Structure formats: C-alpha cells, structure tokens
Amino acid sequence: MAEIRNIVVLTGAGISAESGIDTFRSEGGLWEQHKVEDVATPEGFARDPDLVLRFYDMRREAIQTKQPNPAHEALARLDQQWDGDLLIVTQNVDDLHERAGARRVLHMHGTHLNAWCTACDGKTPWTGTLADRPPCPGCGTRALRPDVVWFGEMPYEMERIYAAIRRAHLFVSIGTSGAVYPAAGFVRDARSLGIDTLELNLERSQGSGWFRESRQGKASALVPEWVEEFLSRR
Ligand code: BJW
C-alpha cells in the first residue's frame, strides 16, 4: 500500500443505483424497457429522433431530482484527501460525483446536462427538454442532441484515460457490469501493466476474473469501507 500514489477509479451505473437512478442491464433496468439499438445508437436517433429525445428528456428530468449517496460521498472524500494523482472515470451521465464534491472526474460517456449542436458542434449546459427542438444558443439551428456517447461513437478523452492508467498504481472499478467497451477492457490494460486491481460490485461482473480482488455488496457500504481502509493505511 505504501507505494501507491496514483489511482484510477472507474464507476458505472451501480454507484448511482441507490440514489434511485436505474441501471442498464439489471432486471427492470433501462434496457428492459427499450431496445438498445432504438435509443442508444446514432442509427436509432436518425430513425426516430422523437423517441430518443423523449427518452433522454425523461432521464435528464429524473436525474435532477436525485441525490448523491454514501458511495459518491466517499469518493469525494478520497478526492479531497488524496494528494497523489486521482482520476474518477465515470461512465455515468449523471452529475452525482460532482454534487458530492468530487472534482477530479471525467465523463467518458458524456453528460445529460449538456446539449450538443450537430450543426455548429457547440456544447451548452442544458437542464430542460430537447424533444421540442429548441434552437442552439450558439448558431440558432434546431439540431440539438444529448451530449452522450452512443454505441459506435468514440468515448470522450480516451488519451487522457489511458495516460492515467499508464501512470496508475491502483485501478478500482465500482458498480459496472463490464459489458461495454472500451471501459470493460481497462482492467486488462491495468493487469498487463502490473497495476493492482480491485472491483467493488453488487455481484460478480463479466470482468471479475481479471481483478486481483473482487468484493461483492452494495456500493453505499463497500465504497465508504474501502475509502476508510485505504486512507487509514497511508
Ligand atoms: C451495483 C448496485 C449497487 C447494481 N452497488 N453495484 C464486440 C466486442 C467488443 C466491443 C464491441 C463489440 N461490438 C461492439 C463493440 C463496441 C461497443 C460495445 O462495447 N458493445 C458491447 C455491447 C459489446 N462499444 C462502443 O461502441 C463504444 N465505443 C467504441 O467502442 O468506440 C471505438 C473505440 C475503440 C477503442 C478505443 C476507444 C473507442 C461506445 C459505448 C457507449 C456506451 N453508451 C452507453 C449509453 C450512454 C448514454 C446513456 O446513459 O444513455 O453507456 S450504453 C450504457 O452502458 C451506458 C453505460 O455507461 C454503459 C455501461 O453500463 P454500466 O455502467 O456497466 O451499467 P450496467 O447496468 O451494465 O451494470 C451495472 C452494474 O452495477 C451491475 O453489475 C450491477 O450488479 C451493479 N450494481 N446495483 C454496487 N447498489
């Protein structure tokens, strides 16, 4: 533990589940109600933009009513107290890490709280609806979509993420099923670099076998426990 200075934490939908935000692949999760190819691909958006914009309007509205839980708060504490490098790479499009007080956060699948203009490429903070086709504040074109990464699109800031993994001494994955790449491959990248790896998830994930240690349980319990254990051993 003494030699750990640089940490990469990957988070997924499981960390926000106890805040009341649906996960994707669990029973009753988002993909049970919608086909992935209908709502999370550029092709689905081209086919039925109304459906996709309504789906994201509903989720944007819901997210704004949710609050960070003890897992987000524990990572915010880690961020505030850890003086080595830390990068919290989240696949989540909610802002619960930031609202808990974390600052070193990277949203690799984008954020619900931005609109992206496909005409001028401008990005604007957005809390309202998009299905009613509001004009882009920058160029006036009615071509706004959610600033999120769909299947077949390139996740954000991959260079920065891989650079952080290369520098890291510890990679921790929290609340993600390990079903979606490239995030699902980070543990293998970390292992091949000889970096220590830890998984905290409700149940064993598709990637569990790659981690040196995998702990099962709720994020609201496991994450505060691990942060306390980690900071107290410095
Ligand atoms: C709890 C808990 C609690 C519950 N406590 N835990 C074949 C092989 C390999 C790759 C591909 C392939 N065919 C296509 C691909 C690529 C494709 C892909 O991965 N497809 C898979 C289906 C195989 N990927 C892409 O297209 C990506 N782009 C890409 O690859 O570009 C090329 C490239 C190459 C090389 C380098 C870089 C780029 C883009 C992927 C975009 C994903 N987008 C979404 C939607 C975002 C917007 C939105 O929110 O609507 O991202 S899909 C969805 O999945 C969302 C999530 O971020 C992502 C991951 O889901 P997550 O977070 O893991 O959620 P769940 O529900 O799956 O799991 C939750 C977990 O929590 C579970 O394990 C629970 O047990 C646990 N849990 N409660 C702790 N209380």
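**View 1. E213 and R212 form a salt bridge in this predicted model.** The closest N and O atoms of the pair E213 and R212 are 3.7 Å apart. R212 is exposed, with a relative accessible area of 53%. E213 is partly exposed, at 25%. R215 also forms a salt bridge with E213. Here the closest N and O atoms are 2.8 Å apart. R215 has 19% relative accessibility, so R215 counts as buried; the cut-off for buried is under 20%. Shared partners extend the picture. Salt bridges join D196, R212, E213, R215, E229 and R233 into one network. In total, the structure holds 16 salt bridges.

**View 2. Six strands form an open, parallel sheet.** Read across the sheet, the order is β3-β2-β1-β7-β8-β9. The edges are β3 (105–107) and β9 (213–216). Each edge strand has a single partner, so one side of each is left without a neighbour in the sheet. On average, neighbouring strands are turned by 15 degrees against each other, direction ignored. Strands of a sheet pair through backbone hydrogen bonds, either parallel or antiparallel.

**View 3. Strand β8 is joined to β9.** How many bridges join β8 to β9? There are four, and the two strands run parallel. Strand β8 covers residues 196–201. Look for N201, which stands opposite Q216 in β9.

**View 4. Helix α8 packs on the six-stranded sheet.** This helix covers residues 158–167. Helix α8 touches β1, β2 and β3. The direction of α8 makes about 135 degrees with that of β2.

**View 5. Helix α6 has a capped N-terminal end.** The cap is N69. A side-chain oxygen of N69 lies 2.7 Å from the backbone nitrogen of A71. Helix α6 covers residues 70–81, which makes 12 residues. From first C-alpha to last, α6 reaches 16 Å. That is close to the 16 Å expected at 1.5 Å a residue.

Which residues of α6 are buried? They are A71, H72, A74, L75, A76, L78 and D79. Among the elements they pack against are the strands β1 (7–11), β2 (86–90) and β7 (170–174). The helices α1 (14–17), α7 (96–100) and α10 (219–232) are packing partners too. An α-helix has 3.6 residues a turn, so residues three or four places apart point the same way.

**View 6. R104 and D79 form a salt bridge.** Their closest N and O atoms are 2.6 Å apart. R104 lies in the loop between α7 and β3, and D79 lies in helix α6. The pair therefore ties together parts that are 25 residues apart in sequence. R104 counts as partly exposed, at 26%.

**View 7. Three strands form an open, antiparallel sheet.** The order is β5-β4-β6. The edge strands are β5 (123–125) and β6 (144–148). Each has a single partner strand, so one side of each is left without a neighbour in the sheet. Neighbouring strands here are turned by 45 degrees against each other on average, direction ignored. Three bridges join β4 (residues 110–117) to β5. These two strands run antiparallel. W116 stands opposite K123 in β5.

**View 8. Helix α5 lies across β4 and β6.** This helix covers residues 49–63 and runs at about 55 degrees to β6. Its 15 residues should span 21 Å at 1.5 Å a residue. The end C-alpha atoms of α5 are 21 Å apart, which agrees. The buried residues of α5 are V52, L53, F55, Y56, D57, R59, R60 and I63. They pack against the strands β4 and β6. They also pack against the helices α2 (30–33), α3 (36–39), α4 (42–47) and α7.

**View 9. E27 sits in the loop between α1 and α2.** Is E27 buried or exposed? E27 is exposed, with a relative accessible area of 78%. Now find Q80. E27 and Q80 are 53 residues apart along the chain. Their C-alpha atoms are separated by 35 Å.

Notes:
Residues are numbered from 1 along each chain as its sequence is written. This is a predicted model: local features need pLDDT of at least 70, side-chain atom pairs count only at pLDDT 80 or more; totals for chains, interfaces and linings use all residues. Side-chain values use heavy atoms; hydrogens and water are left out. The expected span of a helix is 1.5 Å times one less than its number of residues. Buried means under 20% relative accessible area, exposed over 50%, partly exposed in between (1.4 Å probe, protein chains only). Contact means heavy atoms within 4.5 Å. A polar contact is a pair of N or O atoms within 3.5 Å; within protein, one must be able to donate a hydrogen and the other to accept it, and residues adjacent in sequence count only if both atoms are side-chain atoms. Two strands pair if DSSP finds at least two bridges between them. Axes are lines fitted to C-alpha atoms, for helices over the stretch in contact, and angles run from 0 to 180 degrees between N-to-C directions. A salt bridge is a side-chain nitrogen of Lys or Arg within 4 Å of a carboxyl oxygen of Asp or Glu.
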